[in-house]
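The tour below goes stop by stop.

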Amino acid sequence: MISVAEARARILARVTPVAAETVALTDAWGRVLAAPVLSRVTQPPADLSAMDGYAVRAAEANAGQALRVVGQAPAGQPYGAALNPGEAVRIFTGAYIPEGADGILLQEDARAEDGLVTATDSVTPGRWVRRRGLDFAEGDTLLPAGHRLTARDVGLAAAGNHAFLTVRRRPRIGILATGDEIMLPGEPPRPASIYSSNSFAIAAMVRAAGGEPSILPVAPDDRAAIASLVESAAGLDVLVTSGGASVGEHDLVREVLEGAGFSLDFWRIAMRPGKPLFHGRRAGGPAVLGLPGNPVSAFVCGVLFLLPLLAALQGRVGFALPAQRYRLGVDLPANDQREDYLRAELRPGPDGAPEAHPAARQDSSMLRVLAGAQALVIRAPHAPALPRGAEVEAIPLDALGL
């Protein structure tokens, strides 16, 4: 068995990012940039007023001094002339500051009547003025290549005058569940059968990470059926299987994949849950990631290995699984030789800070426990027993959108 870190490194070692495509800004959220976004404009394009009031020469706008109001400057409608001594221009937030003005007399610090405005407080030069280029200048790099776009980033690209962006296409991920006992949700119950949860949980994970999932039909424990579905995966970037990866008589997936030309890099990882995980690829074809059949094992392995793989396929720079430290809300026993990922709820402690409460039962079939967890507490191989109040490292699932 190999370690989690070695398995992840080997999965990522030969990844080539998928091709780039151009998308409308309205479709850019969550995509990963294939090229940097350079501003096409300077923002703001001129000195602007940050408040409603009067554009003035600051040296003239002393408390009690009256100035003649010669015009107004709403946003988008510049005054269009230079400000002469003794003059003021009624101005509004976002409007160009007239030539000759160097400060803003706030409307609440002014008394206006009979075409004159009198300052009730002195004006400081440059106060309430947004200088040209305060935010960014034409040619500035607004967003780097390899960055996954947030809603804030989309707004920044729009401000930089980009209607389209160059991003990585969504990786195409095929998801194949195997097993005679597996049924799809909505089918009538059969004796000794269970409903497929892995395909749908993994598909949701793929979407959350920016991929394009395709759920394949469930494959029975039959070599020919599995082989047929494997061949239908042409055009995928990754084939994700679940089940059939262990050592039983009905665990046929690895055998079929090797017969179909896939070269398997490794099988079995020193972790819990999820030991029977494998990875490989076919020359000129997709990579394959074989997840265990137990639903919790499949999900945890998806977090640890599929999410980093999806990030690499999209050329995402600096991706790392989030990790935080929490106090334990319970005692933990010593760990054995496998790296452990305990499903844990996060509950407020006495001081309000979240504490990790690993579930008392960590069975890899218990989806309800997984759904109720907010974090995966990481236990290193041979980690000693820990008392309540000790700190542990955990992966917060909400931070991954899962």
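Select E87 and R68. They form a salt bridge, with their closest N and O atoms 3.2 Å apart. The term stands for a side-chain nitrogen of Lys or Arg within 4 Å of a carboxyl oxygen of Asp or Glu. E87 sits in strand β6 and R68 in strand β5, 19 residues apart, so to speak a link between distant parts of the chain. Helices (H or I, at least four residues) and strands (E, at least two) are DSSP runs, numbered from the N terminus.

Before moving on, note the ground rules. This is a predicted model, in which local features need pLDDT of at least 70 and side-chain atom pairs count only at pLDDT 80 or more, while totals for chains, interfaces and linings use all residues. Residues are numbered from 1 along each chain as its sequence is written, and side-chain values use heavy atoms, with hydrogens and water left out.

Now color the pair by accessibility. Is E87 buried or exposed? E87 is buried, because its relative accessible area is 8%. Buried means under 20% relative accessible area, exposed over 50%, and partly exposed in between (1.4 Å probe, protein chains only). R68 has 46% relative accessibility, so R68 counts as partly exposed.

Side chains of opposite charge can pair when their charged atoms come close. How many salt bridges does a search of the whole structure find? The search finds 15.

Select R169 and D237. Their side chains meet in a salt bridge at 2.9 Å, N to O. R169 is in the loop between β12 (164-168) and β13 (172-177). D237 is in the loop between α4 (223-231) and β17 (238-242). The two residues are 68 apart, and the pair links distant parts of the chain. R169 counts as buried because its relative accessibility is 16%. D237 also has 16%, so D237 counts as buried.

Go to R325 and E391. Here the closest N and O atoms of the salt bridge are 3.1 Å apart. R325 lies in strand β22 (residues 324-328) and E391 in strand β26 (residues 391-396), so the pair ties together parts 66 residues apart in sequence. E391 is partly exposed, at 47% relative accessibility.

Two packed helices are described by the angle between their axes and the distance between the axes. Show α3 (residues 198-208) and α6 (residues 295-313) as cartoons. Their axes come within 10 Å and cross at roughly 25°. That makes α3 roughly parallel to α6. Axes are lines fitted to C-alpha atoms, for helices over the stretch in contact, and angles run from 0 to 180 degrees between N-to-C directions. Angles under 35 degrees count as roughly parallel, over 145 as roughly antiparallel, 65 to 115 as roughly perpendicular and the rest as oblique. The α3 and α6 crossing is right-handed. A crossing is right-handed if the near helix is turned clockwise from the far one by less than a right angle, and left-handed if anticlockwise.

Keep α6 and bring in α1 (residues 4-12). The axes of α1 and α6 come within 10 Å and cross at roughly 30°. That makes α1 roughly parallel to α6. The crossing of α1 and α6 is right-handed.

Most residues other than glycine have a negative phi, and most peptide bonds are trans. Select Q43 and P44. A cis peptide bond joins them, with omega about -5°. P44 is in the loop between β2 (37-38) and β3 (48-49).

Jump to R272 and P273. The peptide bond from R272 to P273 is cis, with omega near -5°. P273 is in the loop between β19 (271-272) and β20 (278-282).

Next, W128. Its phi is positive, about 65°, although W128 is not a glycine. Look for W128 in the loop between β9 (116-119) and β10 (129-130). With a relative accessible area of 28%, W128 is partly exposed.

Then H382. H382 is not a glycine, yet has a positive phi of about 60°. H382 is in the loop between β25 (375-379) and β26. H382 is exposed, with a relative accessible area of 58%.

**Last stop: the surface**

Which residues make a nonpolar surface patch of about 220 Å²? Select L184, F200 and I215. Patches are made of residues with over 30% relative accessible area and no salt bridge: like charges are joined within 9 Å, nonpolar side chains (Val, Leu, Ile, Met, Phe, Trp, Tyr) within 5 Å. Accessible areas come from the Shrake-Rupley method with a 1.4 Å probe; for residues, only the protein chains shown count as cover. I215 lies in strand β16 (residues 212-215). At 35% relative accessibility, I215 counts as partly exposed.
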